[in-house]
Amino acid sequence: MEQEKTISRWFLFYKDQLLLKKTDIGLEIPTGEQAPLPIDHSLRVPFPDGSEALAASLESEELPDDRYTFVGLRASWNYISHNAYKKAGKAFQLVHWDRHSQYCPACGHALWQNSLISKYCSHCKEEYYPQISTAIIVLIRKGDEILLVHARNFKGTFHGLVAGFLEVGETLEECVRREVREETGLEIQNIRYFDSQPWPYPSGLMVGFTADYASGNIKLQDDELSAGAFYGINNLPELPQKLSIARRLIDSWIAEHNS
Ligand SMILES: [Zn+2]
């Protein structure tokens, strides 16, 4: 069969650093028939819009030349299009999965990739897919105010929303209720789905909700949260970056409030 030369887009990562190419107007995902530097093996990454790209992890942070630079995946949101950032997130999740699923977790035999998103153990005859860690995040309204918290694991001084990982056997709504109770001591009502967002740090899905305060006084879970209070629209603290669903939940409340 005749092989046509194809131009690929390359999502290359050293740890959580994404390789980007400098252009006159900014930074872009590198393209070309060949990867811009030697790689072990690459993964084909299909996207919902029907396009595909190649992804790989790099062994060192050596740059091909000075036309390239590394940018943290999260920070890349500031430099590339929203669409490219979303694709980079999927590529990163698959690269991370590939690195962490070399062997069968049940028997230790080497796994082989039998589809773009699955691997197979020929010994156990088991198929394995990338694991997605589901987390909830919730905006809680009380009258004209919303609950904003500062979690100890936030990278920065901003205030965000209560969030936490789904546990085995829980519904999302049960998880929302439990996380709010554990972290703040509050009871909530009217839990409503808002939207969701893949969160590739390294393999999450954030599911956003809104809710109304029902009862209780704020009692922070000290090892998780360092601050938490209800804020009105005129005294909001520093907010999360625009790329997060937390910020979209807050912005949506602000828009509603102002309308
Ligand atoms: Zn096995």
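**Close-up 1. The loop between β14 and β15.** P202 is located in the loop that links β14 (187-199) to β15 (204-215). In this predicted model, the peptide bond from Y201 to P202 is cis, and its omega is near 5°.

**Close-up 2. Backbone at N190 in strand β14.** N190 belongs to strand β14. Although N190 is not a glycine, its phi is positive, at about 55°. The relative accessibility of N190 is 39%, and the residue therefore counts as partly exposed.

**Close-up 3. Backbone at K15 in the loop between β1 and β2.** K15 is found in the loop between β1 and β2. K15, which is not a glycine, has a positive phi of about 50°. With a relative accessible area of 62%, K15 is exposed.

**Close-up 4. The zinc site.** The zinc ion has as its protein donors the SG atoms of C104, C107, C121 and C124, at 2.3 to 2.4 Å. Along the chain, these donors follow the spacing C-x2-C-x13-C-x2-C. The arrangement is tetrahedral because the four donor atoms subtend angles of 102 to 115° around the zinc ion. For four tetrahedral donors, the ideal angle at a metal is 109.5 degrees. C104 is buried, with a relative accessible area of 4%, whereas C107 counts as partly exposed, at 29% relative accessibility.

**Close-up 5. The largest nonpolar core.** This core, the largest nonpolar one, has 39 residues. The residues with the most contacts inside the core are F11, F13, L18, L161 and I250. Two or more residues are given to this core by each of the strands β1 (8-14), β2 (17-22), β5 (43-46), β6 (52-57), β11 (133-142) and β12 (145-151), and likewise by the helices α1 (82-99) and α3 (245-258). Helix α1 provides the largest share, eight residues. At least three residues of this core come from each of domain 1 (8-99) and domain 3 (133-258). In soluble globular proteins, nonpolar side chains tend to be buried together.

**Close-up 6. The surroundings of L18, and another core.** L18 is among the residues with the most contacts inside the largest nonpolar core. With neighbours within four places in sequence left aside, the residues in contact with L18 are F11, L12, F13, I29, T69, F70, V71, S76, I80 and A88.

Technical notes
Residues numbered from 1 in each chain as written. Predicted model: local features only at pLDDT ≥ 70, side-chain atom pairs only at ≥ 80, totals over all residues. Heavy atoms only, no water. Core = buried A, V, L, I, M, F, W, Y, C linked by side-chain atoms within 4.5 Å. Buried < 20%, exposed > 50% of the residue type's maximum accessible area, 1.4 Å probe, protein only. Helix = DSSP H or I, 4+ residues; strand = E, 2+ residues; numbered from the N terminus. Domains from an automatic or database assignment. Contact = heavy atoms within 4.5 Å. Donors = N, O, S within 2.8 Å, 3.2 Å for Na, K, Ca; no water. Tetrahedral: all angles 85-135°; square planar, octahedral: opposite > 155°, others 65-115°.
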